[in-house]
Amino acid sequence: MQYDYSKNRDEHPEPIKADVNGLIPEWLQGMLIRNGPGLFSLGETRYNHWFDGMALLHSFTIKKGEVTYRSKYLQGDTYNSNMQANRIVVSEMGTMAYPDPCKNIFSKVITFLSHTIPDFTDNCANNIIKYGNDYHATSETNYIRKIDPMTLETQEKVDYLKYLPVNIVASHTHYDKEGNSYSMGTCIAEKGKTKYTLFKVPGGSGSDGSPPLKSAEPLKLDVLKMATAYLRGVSWASCMKFHPEDSTLIHLIDRKTKKEVGIKFYTGAMAVYHQVNAFEDDGHVVFDVICYDDNSLYEMFYLDKLKEQMGADTMYCKPKCKRFVLPLSDMGETGEDLVKLKYTTASAVKEKEGKVLCQGEVLCDGVELPRINYNFNGKKYRYSYMCCVDISPVATKIVKFDAETKQKIEWTGGDCFASEPVFIPRPDAVDEDDGVVLTCIINAKPVQGGFLLVLDGKSFKEVSRACIDVDFHMDMHGYFIPDSS
């Protein structure tokens with residue numbers, strides 16, 4: 001059973017009514033919007049990396065026990081330019097676009113200069129984020145695209161650089177209970193240095209960004225290599241290098257003072273794509289992340305490698321869900337473990353010169369794309385819902401994980417592929433797992449369509465499924481918009 005990552009998918013902009021098997025809870029009303037790459041070749045050109053494909057939005061609208069589906073390509077500047085030329089003319093992180101050989105020398109020079117000081121793509125194919133009352137498609141460049149969540153129509157282009165000094169922005173925004181959003185960007189060309197910028201967007205500010213909260217240490221990103229990548233015939237992604245011999249620095253920022261805590265936390269080298277949750281407990285900050293021992297995951301999603309690797313002999317760096325604990329006080333002797341929490345084996349050993357070496361506790365492994373009951377975001381929590389990727393990065397199962405008992409409950413549907421599970425709490429629920437889990441399921445059998453799966457949050461048993469006669473694309477992330485009525 002193998003998913004064809006390089007296949008172009010059709011869009012379905014008009015609503016399609018699903019065939020619902022089982023009963024969808026009456027309280028579940030709203031819209032699940034998801035985003036991911038869906039188009040990988042134009043004319044005689046094709047993308048090298050799965051992440052580079054053109055953004056295809058799709059949505060499931062749930063109302064009074066019925067479900068309607070639609071999908072539409074994000075029609076940004078990148079999409080329109082590529083379609084007009086019938087070839088890839090805008091570069092992505094893993095695919096460098098080169099001018100048509102029939103173009104004159106002047107056009108080629110302009111193309112070279114635009115890649116020396118790169119203006120990134122607005123092909124926002126990774127996630128859906130909310131700023132104020134507006135929803136945007138996002139990837140990890142300085143551009144996001146506002147969308148109409150009802151019709152999936154593409155609206156105005158927003159440039160972070162008009163508000164913040166960031167060229168690359170994380171696509172995983174977090175929100176507090178007041179509706180403010182927090183994210184992080186990287187400036188790659190300010191005074192020849194790279195740096196991180198944390199920033200907050202107030203809940204009522206629409207798409208306007210606020211001043212950055214704090215600058216942190218840069219990644220090992222070679223700016224000279226990025227500037228010359230086009231001339232050397234390589235992609236921007238090839239300029240990123242993993243250094244296993246280096247430490248990972250952990251910066252802890254006080255949201256009230258906007259200043260960094262003075263303790264210098266660090267751990268071993270690791271690659272992190274997704275965070276599960278973080279909370280304070282008795283003088284400690286506890287945070288759970290999905291981490292890898294190297295950066296091979298990105299390399300695995302080059303389309304040529306995807307065709308070769310999904311066999312039994314695939315070399316795969318299995319991710320681990322790790323818990324780290326940062327003590328807010330470094331009072332203690334050198335060599336002492338400063339973690340005093342009894343429910344974790346994570347450690348933070350005091351060293352000289354104000355440094356603290358953190359070692360994470362492995363909660364479980366072979367999991368990715370974590371989601372929680374977001375009412376417990378920033379609070380001590382127990383349950384997370386994730387894709388099971390213990391054999392390969394392609395999920396065929398989803399799992400409910402109990403961080404307290406370390407127990408797992410799995411759902412599997414046979415010949416199918418599962419997307420990121422999204423937990424929706426029952427209104428006025430008391431228990432953390434009182435609600436449902438939604439996940440988009442791709443059927444591996446080409447003659448059968450996919451379906452939206454609804455699972456009970458407590459038992460993790462199937463409640464219902466909404467079947468649609470559509471060849472779904474593999475998406476990445478999404479956002480559930482509850483019905484305000």
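Mentor: A salt bridge is a side-chain nitrogen of Lys or Arg within 4 Å of a carboxyl oxygen of Asp or Glu. The model discussed here is predicted.

Trainee: Is Glu361 buried or exposed?
Mentor: Buried means under 20% relative accessible area. Glu361 has 9% relative accessibility, so this residue counts as buried.

Trainee: Which residue forms a salt bridge with Lys458?
Mentor: The closest N and O atoms of the pair are 2.8 Å apart, and the partner of Lys458 is Asp431. Lys458 lies in the loop between β32 (450-456) and β33 (462-468), and its partner in the loop between β30 and β31, so the pair ties together parts 27 residues apart in sequence.

Trainee: With which side chain does the side chain of Asp434 make a polar contact?
Mentor: Asp434 is found in the loop between β30 (422-425) and β31 (435-443). Its relative accessible area is 17%, so Asp434 is buried. Beyond neighbours within four places in sequence, its contacts include Phe423, Pro425 and Lys458. The polar contact, at 2.9 Å, is with the side chain of Arg426.

Trainee: What is the angle between the planes of Tyr5 and Phe301?
Mentor: The count of aromatic pairs comes to 23. One of them is formed by Tyr5 and Phe301, with 5.9 Å centre to centre. Tyr5 lies in the segment before β1 (12-17) and Phe301 in the loop between α4 (296-300) and α5, so the pair ties together parts 296 residues apart in sequence. The pair is edge-to-face, and the angle between the planes is 80°.

Trainee: Over the face of which residue does Lys157 lie?
Mentor: A charge sits over a ring if NZ of Lys is within 6 Å of the ring centre and within 35 degrees of the ring normal. Lys157 is 4.1 Å from the ring centre, over the face of Tyr143.

How values were computed:
Residues numbered from 1 in each chain as written. Predicted model: local features only at pLDDT ≥ 70, side-chain atom pairs only at ≥ 80, totals over all residues. Heavy atoms only, no water. Helix = DSSP H or I, 4+ residues; strand = E, 2+ residues; numbered from the N terminus. Buried < 20%, exposed > 50% of the residue type's maximum accessible area, 1.4 Å probe, protein only. Polar contact = N/O pair within 3.5 Å; in protein donor to acceptor, adjacent residues only side chain to side chain. Contact = heavy atoms within 4.5 Å. Phe/Tyr/Trp six-rings, centres within 6.5 Å; stacked < 30°, edge-to-face > 60°.
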